[in-house]
Amino acid sequence: MTLRRVAIALVLLQMLSVSPTFAASPTAKPKPKTSIVKSTPVFGSETNSAKGKAAIKKAATAKKKAVLAKKKATRAKKKIATAKKKIVRRHVSFPPVRKPVPPSPSPAWPPHGFTSVGSAYARIPTGNELVGILSTMKDASSPVNSCSLDPKKPNAPAFSCAAILVGATEKCTWWKVSSTITEIDPSSAAARLTIGALTVLQPGAAGKTIQTIVLLSPIPLQTGVMFSGIHATCGIGP
């Protein structure tokens, strides 16, 4: 027992006499130093470097072509969509601009060169005036067609005619024109023979309106026939 106690005591003494060399140091651990080394990729020889550049250029070209092809396809789709789209045309109509029609100028009154009896006026037209008047009055059903020969109807009869221009300040319901028809005396060129008398009735017109009344006789058209003593009457009422 005594020896065992001595051994334990020696062990304890050894434990207490351990050197602090193995104790943990209270100071902070030193940080390891790191060094960064920049390195560039090495493709090997010069031949390998040229191939790399060519590959990069080829890839960029292919990418550019792909982008252009995509844009072209997009434009083609838009063009097709525009062509298929129905075009709606709207026609806008505007009402026609109606310009006021200027009133017809009132004829000079009293008419120049006419002979007047009260408010009625009359004048015998000249030969040239008569030709123009008759030409403007011609139509398919007008009796004026009988006042001259028709080349298309050489066998149709033609009759002697005359005309008078009439008008009145007030409205005339009707006009009555009477005349005497004469021809050259075969026995004496200076004398004339009365063939007959002619009376023509025609509806009237508004006041201050010049009318042309044609005197169509039953006498065949021939040289030397004359209408004389022409008298026009403006009738008011029935």
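How many bridges pair strand β4 with β7, and in which sense? The answer is eight bridges, in the antiparallel sense, with β4 covering residues 174-185.

## About the model

This is a predicted model, where local features need pLDDT of at least 70, side-chain atom pairs count only at pLDDT 80 or more, and totals for chains, interfaces and linings use all residues. Residues are numbered from 1 along each chain as its sequence is written, and side-chain values use heavy atoms, with hydrogens and water left out.

## The sheet

Let's start with the strands. Helices (H or I, at least four residues) and strands (E, at least two) are DSSP runs, numbered from the N terminus. Two strands count as paired if DSSP finds at least two bridges between them. Three strands make an open sheet here, in the order β5-β4-β7, with antiparallel pairing. At its edges stand β5 (188-203) and β7, each with a single partner strand, so one side of each has no neighbour in the sheet. From one strand to the next, the twist averages 15 degrees (axes are lines fitted to C-alpha atoms, for helices over the stretch in contact, and angles run from 0 to 180 degrees between N-to-C directions).

Ile230 is partly exposed, at 24% relative accessible area; buried means under 20%, exposed over 50%, and partly exposed in between (1.4 Å probe, protein chains only). Ile230 and Ile164 are 66 residues apart along the chain, and their C-alpha atoms are separated by 8.4 Å.

## The largest pocket

A pocket is an open set of points on a 1 Å grid over the protein atoms alone, where a 1.4 Å probe fits, with protein on both sides within 12 Å along at least five of seven lines; lining residues have an atom within 4 Å of a point. The largest one has a volume of about 240 Å³, the volume being the space filled by probe spheres set on the points. Of its 14 lining residues, Thr115, Val117, Ala122, His231 and Ala232 are the closest to the centre.

Two or more lining residues come from each of β1 (115-117), β2 (120-123), β3 (159-168) and β7 (226-235). β2 gives the most, with four.

## Helix α3

Helix α3 spans residues 127-136, and its buried residues are Leu130, Ile133 and Leu134. They cover an arc of only 95 degrees around the axis, which puts them on the same side of α3 (the arc is that of the directions from the helix axis to the C-beta atoms). Turned away from that buried side is a face with the exposed residues Asn128, Val131 and Thr136.
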